[in-house]
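Here is a report on one structure. Please keep the sequence and the 3D view open while reading.

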Amino acid sequence: MAASMQKISSHICQLCKRRYLTFKHKRSSSNLKSKPWKSVVGLEIHAQINTESKLFSGAENKFGGPTNTQVSLFDAAFPGTLPVLNKGCVEAGVLTALALRCTVNKVSKFDRKHYFYADLPAGYQITQQRQPLAVKGHVDYCISDKNSFETKTANITQIQLEQDSGKSLHDEKDRISLIDLNRCGTGLMEIVTEPDFSDGTDASAFVKELQKILQTIKTCDCKMEEGSLRVDANISVHKLGEPLGIRTEVKNLNSIKSVSKAISFEVKRQIELLENGGIVENETRSFDTEIDETVPMRDKEVKTDYRFMPEPNLPPLHLFDSESVKTVSSKMSVINIDDIQQKLPPLPEDTRKRLEQQYSLKRRDVAVLVDNSGLVDYFEDVMRLSPTTSAKLVSNFIINQLLGVLNDRKLTIYKCPVKTEDFGKLIDLLHTEEISYSTSCKVLDEMFEHPNIAPKDIVDQKDWRQISDTQILTNICEKVLEEHPKLISKYRKGKLKYLHTLVNKAVIDSNNKANPRILKQIMEDLLDNK
Amino acid sequence: MSLTKLTCRLWLQRVSRIKKGFCSKVPKTPIWEELDNTKIPNVPQIDQEMINHLERVSLVEFNNQAGIERLSKAIESANKLHMVNTDGIEPMESVLEDRMLYLREDKVTDGKCKQEVLSNAVKTIEDYFVAPPGNIPLKTKERDYGSNSNGS
Amino acid sequence: MLSLTLKEAVHKLRDGSITAKDLCEKCIERLNKTQQLNAFITETVDISRDSAAETDKRRQKSKPMRWRKLEGLPIAVKDNFCTTGIRTSCATTMLQNYIPPYTATVVQRLQDEGAYLIGKTNMDEFAMGSGSVDGIHGPVRNPWKYKFTSSNTSEQTKPIEQVSMRNYHTSTDDWHIAGGSSGGSAAAVASGVCFGALGSDTGGSTRNPAAYCGVVGFKPTYGMLSRHGLVPLVNSMDVPALFSKTVDDASILFNVMAGHDVHDSTTVTDEFNHFTLPDNIDIKDLHIGIPKEYHAPGLSKDVHNAWEEAADMFEKAGAKVTQVSLPHTQYSILCYIVLNCCEVASNMARYDGIEFGHRAANEDSTEELYAATRHEGFNDVVRDRILAGNYFLLRQNYEKYFAKAMQVRRLISEDFKKVYASGVDILLTPTTLTTAPTYKWFTERDNRTSSEEQDIFTQPVNMAGVPAISVPSKLSTDGLPIGLQFIGQNFKDKELLTIAKWYEQQVQFKQLDLDYLDTVS
């Protein structure tokens, strides 16, 4: 919308007596372009519970079994069959709730959510809409890339247990759907967040953290490619200061990349739509990974009324703590929330905080260590075996060098041929300045090739030891100074860069073995004192 | 009930009691309250939008006007519930609400019965159940809800 | 032989004075002679004969085998209990050809103790109704005052009146209904075809036909018997229930079936203590309550008199009898309408033709297939309830209807609790408003209206989950049985049965005797 001009007033100039008009730029018909856009994202994450059997039936819960072999009569909704709750699923749910710092409800209830779909044999899903397993938690996570690093907190609205549906394979040609109920009835934890995320990067960083947490406590294997972790995103945009916009739901995002891309695309799509005078519809969309765009999923009809109803075949679920468990007279096995709390292992955030404190490391470095599976164990093992080594150096070298070499050789840390003991010794050599930083990189490469040779031996063999002897270095420096008097005078005139030139020449004269720090110091001293 | 009638009835009851020489605890007359119809909420008109909506979520048709009238009657009966004062009363979902829900140990005890699971399906293809394509809304049919044909 | 009680039959089988084969043949003969009653949907005559033969073999074995509690006993099971390999139709087109791959727990427990299935009995479609007239196999006829015609009695095959699905009420025969929805099971026991039968009771579906057919109908406390394998009507109220000739018989069957089932989370986990009822019963310390609201409009004079006589009988025998109040009684049926319709709407959502049941031919889309399947598979009654139920469950209506009904349910349940807390042990009420109506009278009103009328005394019991039993007391002036209902306290089934037994011993109700049919050629 181009700004147009509008006449405001005219007046006569007192000097030249000519008439002048003053104009004002007409304001654009909407203020849209002036205020910045804000996007708001909330997530609903479905995590398949890592149990042997399903949520309400004893059929096996395993990925990729032969068609319809992991289906009980209850899963296929045969008349007269009834749900029986899996204790393992409840324990997993409670453990997850505690890991996400939620309040676990002592009493929770199950509901039926009704809708018709071929992969839902009963015509309803058993879920926990009214009184879920846990409410009000939070997760601390970091968003990081090359240039920035930010820590954020996301709030969890609730965690509920519910059934997964079966799978349909659509045959477009024959116009049929083939239904496999193996997955039908598998336990899911639905983790609902507040709309706390600002964009795709933010949301995907959170999902990564959630994955790490769930994998640490082993309640979900989070293999998004197998569908054991699926993300639905609710996305809306609005202008800063104005009310929230209409949201769309993008369903079934099954990789971290998809989460990021889909949300970014959707935000962009909504902004463009609104800037062109359109309206965002409250609809469900899916993400087409071929074209990296969100597309409408269901028909553009009014949202279904799920007609929630309490599940009559499941009386309320009672959970206990160490106090209330004493009042239970029944011999039935009960779930004690406090017992489960004891079983909670250190979570990624706990580990980050501990590493920060214990080793005085920076948050950014600690984040990388925790981010990469196995790296913390490697690091701590190195520190254990070489307690006097600089933790900072160790972590730095792991992050900046070791990871790179592993990547190049397509190895994981678990298959790293360099033993932690040897790694520690390498860092010791670096720490004591027996070798330079660049040499240590070369030694690391050698250690990969020959893991059985100790780093000290490699250094000796290759004659890579740094010269740190002050007398030798002084001699070298003096020789350089004698050979380049012009450079000295240029330095003395204030051109400090010639110090580096002199130092470099000395380094070359030393066959690159000189300890650069000491060499520089000596050169400076000589120049200043001469 | 008028005062005269009430007095007569009571007198008759007393007489029969004296005759028997024994007081039966079974009441002689019906006790049910007459409901004040003016206090019962009206049954809302069931318009075409509601008909379509209900048929879509139920995947079942009303068929004819008689069906809609039966629904109205059911709502009328349900509306009488509003004569009961339920302030502060917690809804009762299950008579077993105070009992502990039985929890099953996490073991594989079921499944592996593909033949049985498929045994009653009219159509299967290679161990899969077969369904037509989904997510296509029902075609709205021309239905005559003005006629009063027999429930069929 | 068929006029024996279950207890007597079991004893005679045990001591060998009758063989299982003889008993079985007698039952099958009676079954054939009473085909017109239309009490059975599926007859399992071959299975019966095999099981009876098996029982006789057990007796002859040299190694002593455990003689099971119900060895050689034929029972009938309502056609909404799943039985492996035997069609379970629920009297609906939707499940007309459904062969379950599993057996209901309660049926299995009876079979494990040596009982065998003589057939699956007729009922209202999906147990919706109080007359057993709304099923696709036609109505069940009450054996009382039924004019058996000799032309049909000798036929071996079933001349079932194949009433078309859309055309129920065309017959103008004047016979009495058996009550419902478990009418077939009631008629089977009353006519001597078997010694005990299973029914289901959601709002009175066992006690109602028991009263009409002059047999004992026992609904245990909700949670005592497993519902695994019972096709549900209202999950929060359904209870598997029993028909028998005497209260002792009901007790024997109950003791075999009761106890926790891992497949049903609504069965109580407490250990079940088996019991037998005493023969000498003293009621001097008993406190009986007469809820005054149970004198409802429409109560017939005969039923009222029977109720009065029973109350007076207890009082004269030394029990304390007081009039009490269950103030929310008249709202119970309204509450039931809402909760019933909502659960039906939900429970019926699984019938789509994909995994089991009837499947329509329309394959245009899933929605079209489902709609056509459900149109063809369900009768009007079922469809009405689904639509009403979904109406009540709509987001905008949930609080107004469903939540409200659940609140009223609590009030009804509290009514019972308060009365029992005040010292009352048992309540005594009529079971039904009248004796068994004629088919013609009954079919003049629609299913919902008749349910509203017929279930008013039985329904509140299901709301509260308490146990209740209908015991035949006497015949009416026109020769039909009148049933009286005893209502007990939660999980005090033994106490309830004991009192009912005392009453039965006093009235000595004479069972229907159809032995004359055996002489008819």
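This is a predicted model: local features need pLDDT of at least 70, side-chain atom pairs count only at pLDDT 80 or more; totals for chains, interfaces and linings use all residues.

Residues are numbered from 1 along each chain as its sequence is written, chains are lettered from A and ligands numbered from 1 in the order in which they are written, and side-chain values use heavy atoms, with hydrogens and water left out.

Thr121(C) belongs to strand S3 (residues 116-121) of chain C. Helices (H or I, at least four residues) and strands (E, at least two) are DSSP runs, numbered from the N terminus. Thr121(C) has a relative accessible area of 0%, so it is buried. Buried means under 20% relative accessible area, exposed over 50%, and partly exposed in between (1.4 Å probe, protein chains only). Its side chain makes a polar contact of 2.8 Å with the side chain of Ser185(C). A polar contact is a pair of N or O atoms within 3.5 Å; within protein, one must be able to donate a hydrogen and the other to accept it, and residues adjacent in sequence count only if both atoms are side-chain atoms.

**Aromatic pairs**

Over all chains, the whole structure holds 34 aromatic pairs. Rings of Phe, Tyr and Trp (its six-membered ring) pair if their centres lie within 6.5 Å; planes under 30 degrees apart count as stacked, over 60 as edge-to-face and the rest as tilted. Two of the pairs are set out here.

| Pair | Centre distance | Plane angle | Class |
|---|---|---|---|
| Phe78(A) and Tyr98(C) | 6.2 Å | 55° | tilted |
| Phe397(A) and Tyr437(A) | 5.6 Å | 75° | edge-to-face |

The pair of Phe78(A) and Tyr98(C) crosses between chains. Phe78(A) sits in the loop between strand S3 (37-48) and strand S4 (85-86) of chain A. Tyr98(C) sits in the loop between strand S2 (74-78) and helix H4 (105-112) of chain C. Phe78(A) is buried at 0% relative accessibility, and Tyr98(C) is buried at 1%. Ring pairs also link both into a cluster with Phe126(C), Tyr351(C), Phe356(C) and Phe378(C).

Phe397(A) lies in helix H8 (residues 391-408) of chain A and Tyr437(A) in helix H10 (residues 437-449), so their pair ties together parts 40 residues apart in sequence. Phe397(A) is buried at 0%, whereas Tyr437(A) is partly exposed at 36%.

**Charges over rings**

The charged end of Lys113(A) sits over the ring of Tyr306(A), 4.4 Å from its centre. Arg99(B) lies over the face of Phe491(C), 4.6 Å from the ring centre. Such a charge is NZ of Lys or CZ of Arg within 6 Å of the ring centre and within 35 degrees of the ring normal.

**A sheet in chain A**

Three strands form an open antiparallel sheet, in the order S8-S7-S18 (chain A). Strand S8 (124-127) and strand S18 (309-310) are the edges, each pairing on one side only. Two strands pair if DSSP finds at least two bridges between them. Two bridges join strand S7 (residues 111-114) of chain A to S18(A). Arg112(A) has Met309(A) as its bridge partner in S18(A).

**Chain B**

Chain B has four helices and three strands. Their pattern along the sequence is α-α-α-β-α-β-β. Of its 152 residues, 36% are buried.
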